[in-house]
Amino acid sequence: MPNVVIVGGGPAGIRAASILVEAGLKPVLVNETRQVGGQGYRAPAKSLAVDINALMGSEAGKYQRLHSLFASLQERIDYRSGTLVWGVHEKVLHTLCDGTAGTIPYDALILATGATDRIMPLPGWTLPGVFTLGGAQVILKDQGCLIGNRIVFLGSSPLLFLAALQYHKSGASIAAVVDTTPLSAKRAAMRDLAASPRTLARGIVYRASLHMAGVPIIDGATPRGIDGEGHVEGVRITDGRGRERLIPCDAVAYGYGLKPETQLAELAGARFRFDPIFRLWLPETDADGRAGADLYLAGDGAAIGGADAAEASGALAAHALLTDMGRAQPEAELARLRREVERLRQFQRGLARAFAWPVAQSATLSDETVACRCEAVTVGEIRSAVHAPLGPREVNRVKAITRCGMGRCQGRFCGPALQEIVAGACVVPIAEVGRLRMQAPVKPIPLHAAAEMEP
Amino acid sequence: MPDEPKQRTHKGQFVRAVPRHGATLRLTIDRDTVEAVEGDSLLAVLLLNGRVVRHLEFGGAPRAGFCLMGACQDCWVSLGDGDRVRACTTLAANEMVVWTDPQKAHADA
């Protein structure tokens, strides 16, 4: 039997596993966290008295179905919980579990690695009390904790309103929800958003519920900075009418949508193309998720599509893998899944316009603003490197000179902003400054584990 | 080493919104004894009891984690046995000794 390995225990990985099990295979499912469900459908720890149905709201049914599906599969797959895949080399995954290094060889690999928040630097964004928007949701579901006593939800993301509503239901005090995209841009995105009327309606309900609860919602604001001595004390914005405002708070949930975790795809041989709507380099796949020989990508780790698209694309990737093994697959079902994934990803393209990545903000950042939180590299250091005589215009060379993107997070959080800052300083289209290259280990590991990768 | 748990200097950054049922754990964070519940992540314990997780190696700015999901690597702390761990993906354990400053951990050893 071929050795099929799936990386990622979210909706895409679990659905892929179920298709493979139905076909009589016993895939290995490697999950970095201890709870399955990914970040969005993550199960709370057993001892936590969280009302997950209330938190998941309209998605509670899907949450329950995914977890029952995983429960039914658990005995029929080789499930590796709490296992980090930190490298891929010649069809072997290099892993770390409870401090112990290991390897998993594969014949075919499905990567369903999910996404993290996309962040634009802002003066004060490294202060204690500023967390990612996705992180604010995770800490509530995983640990039953709120990120602060009085919270501002800041940025532009469909998750902004969902997270704020989950916090409101959990008893949080919300100082404001500050969306940096003007309402006019949201109206302009309606055509793409109509691709998924149910999801669109859900977003409108989140917003209306917050409004009814008396939570201040500010549209079209420009964030100026996060103030505080040693920790967050307030958020400074210019609102949509041009008024300067200071919103006192002790925590900020901050984010501009999601960005695929593509590090392992790159190490496994995927090629990348620049996506002008997301303004990100995304792995190239065919409609079924094929990204190279024996390599398949699914879920938000391939292209941001949300949980429903993740499930459908996970199923598609598994069907593609089985097809490539010479097993005929149900064509009608494949066609249905392809339409579903395409429709949901079109909706995400609408969301990318309705909740815009703040390109203009990168040009107005002060030189003192920290761009790379790992290595404390400022925006001014990046601009100086680019403007120096014979200065680089390519992000990997800028990284080598400034150390921006060279730290422990491997450019996950500064990478998108670094591309914008370099492109802005060089006055060239962003695609021309290139893409930050990744290398193993994709997350920090002890030295003894790395030593075992040597041939 | 004090035996009784005590309030750390600052009140916590995090607020517990959902009760957790489980065994009570006692940890030592920078010489203070704090209580936690089985299942708490180390980051949750640190931020329920304080506002800072560590100070940056470059310039010493205070940090308290950021992504809360194992990606940003901004919540690494030292344990009593010298191991360094990412607080958000590490479960708190009874009698765990945690140092937010690796130099203090070294000085104590």
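Which residue of β1(B) is the bridge partner of Cys145(A)? The partner is Arg16(B).

## Basis of the model

This is a predicted model, in which local features need pLDDT of at least 70, side-chain atom pairs count only at pLDDT 80 or more, and totals for chains, interfaces and linings use all residues. Residues are numbered from 1 along each chain as its sequence is written, while chains are lettered from A and ligands numbered from 1 in the order in which they are written.

## Where chain A meets chain B

The pair Cys145(A) and Arg16(B) belongs to two antiparallel strands, β10 (residues 145-146) of chain A and β1(B), joined by 2 bridges. Strands here are DSSP runs of E with at least two residues, helices are runs of H or I with at least four residues, and both are numbered from the N terminus. Two strands pair if DSSP finds at least two bridges between them.

The contact takes 41 residues from chain A and 35 residues from chain B; two residues are in contact if their C-beta atoms, placed from the backbone, lie within 7 Å. On the side of chain B that touches chain A, the elements giving two or more residues are β1 (15-16), α1 (42-49) and β5 (62-63) of chain B. By class, that side of chain B has 20 nonpolar, 8 polar and 7 charged residues. Ala, Val, Leu, Ile, Met, Phe, Trp, Tyr, Cys and Pro count as nonpolar, Asp, Glu, Lys and Arg as charged, and the others, Gly among them, as polar.

## The six-stranded sheet of chain A

In chain A, 6 strands in the order β3-β2-β1-β7-β22-β21 make an open sheet with mixed pairing. β3 (78-80) and β21 (290-292) of chain A are at the edges with a single partner strand each, so one side of each has no neighbour in the sheet. From one strand to the next, the twist averages 20 degrees. Axes are lines fitted to C-alpha atoms, for helices over the stretch in contact, and angles run from 0 to 180 degrees between N-to-C directions.

Within this sheet, β1 (residues 4-7) and β7 (residues 108-111) of chain A are paired in the parallel sense over 4 bridges. Val4(A) has Ala108(A) as its bridge partner in β7(A). Helix α1 (residues 11-22) of chain A packs on the sheet and touches β1, β2 (28-30) and β7 of chain A. The direction of this helix makes about 160 degrees with that of β1(A).

## A hairpin in chain A

Strand β4 (residues 83-89) of chain A has 6 of its 7 residues buried, so it is largely enclosed by the rest of the structure. A residue is buried if 20 or more other C-beta atoms lie within 10 Å of its own, exposed if 12 or fewer, and partly exposed in between, with C-beta atoms placed from the backbone.

β4(A) runs antiparallel to β5 (residues 92-97) of chain A, and 6 bridges join them. Gly87(A) has His94(A) as its bridge partner in β5(A). The two strands, β4(A) and β5(A), form a hairpin with 2 residues between them. In the turn, Glu90(A) has a positive phi of about 45 degrees.

## The sheet of chain B

Chain B has an open sheet of 5 strands, in the order β3-β2-β8-β6-β7 and with mixed pairing. Its edges are β3 (32-37) and β7 (84-86) of chain B, each with a single partner strand, so one side of each is left without a neighbour in the sheet. Strands β6 (residues 76-79) and β8 (residues 97-99) of chain B run antiparallel and are joined by 2 bridges. Ser78(B) stands opposite Trp99(B) in β8(B).
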